[in-house]
Amino acid sequence: MTWRWEYEPDRETVAGGAPADFLAEVEKMAAELVRAAEVLHLHGPSYQGADEGAKHALSPAASSFT
């Protein structure tokens, strides 16, 4: 499986008139999401979901709010 992102229906319709620096950040984030999806589904049909450690891990910042 190959992941990609694109403007739907096209860039002009979706983002016409938006500042170039804003679009660059949006495109950067979209590319990061594609990379994350590729990693998450790296093993394709054998993917069983996140392991228990990943499901329950909290970052130090998040745990300070409990």
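# A tour of the side-chain pairs

Two salt bridges are counted in this structure. The model is predicted. Keep it open and select as you read.

**Stop one: glutamate 6 and arginine 4**

Select glutamate 6 and arginine 4. They form a salt bridge. Side chains of opposite charge can pair when their charged atoms come close.

Is arginine 4 buried or exposed? Arginine 4 is exposed, at a relative accessible area of 64%. Glutamate 6 has 43%, so it is partly exposed.

**Stop two: glutamate 27 and arginine 11**

Next, select glutamate 27 and arginine 11. This is also a salt bridge, with 3.5 Å between the closest N and O atoms. Which parts of the chain does this pair link? Glutamate 27 sits in helix 2, residues 20-40. Arginine 11 sits in helix 1, residues 11-15.

Then check the cover on each partner. Glutamate 27 has a relative accessibility of 25%, so it counts as partly exposed. Arginine 11 has 43% and also counts as partly exposed.

**Stop three: tryptophan 5 and tyrosine 7**

Go back towards the start of the chain. How many aromatic pairs does a search of the whole structure find? The search finds one. Select tryptophan 5 and tyrosine 7 to see the rings. A pair of aromatic rings is described by the distance of the centres and the angle of the planes. Here the centres are 5.1 Å apart. The planes meet at 70 degrees, so the pair is edge-to-face.

Is tyrosine 7 buried or exposed? Tyrosine 7 is buried, because its relative accessible area of 16% is under the 20% cut-off. Tryptophan 5 is partly exposed, at 31% relative accessibility.

**Last stop: the whole protein**

Clear the selection and zoom out. Switch to a cartoon view. The protein has four helices and zero strands. Along the sequence, the pattern reads α-α-α-α.

Finish with the surface of the whole protein. What share of the 66 residues counts as buried? The share is 9%; tyrosine 7 is one of the buried residues. The accessible surface comes to about 5700 Å². Carbon and sulfur atoms account for 61% of this surface.

Conventions:
Residues numbered from 1 in each chain as written. Predicted model: local features only at pLDDT ≥ 70, side-chain atom pairs only at ≥ 80, totals over all residues. Heavy atoms only, no water. Salt bridge = Lys/Arg side-chain N within 4 Å of Asp/Glu carboxyl O. Buried < 20%, exposed > 50% of the residue type's maximum accessible area, 1.4 Å probe, protein only. Helix = DSSP H or I, 4+ residues; strand = E, 2+ residues; numbered from the N terminus. Phe/Tyr/Trp six-rings, centres within 6.5 Å; stacked < 30°, edge-to-face > 60°. Areas by Shrake-Rupley, 256 points an atom, 1.4 Å probe, with all protein chains shown as cover.
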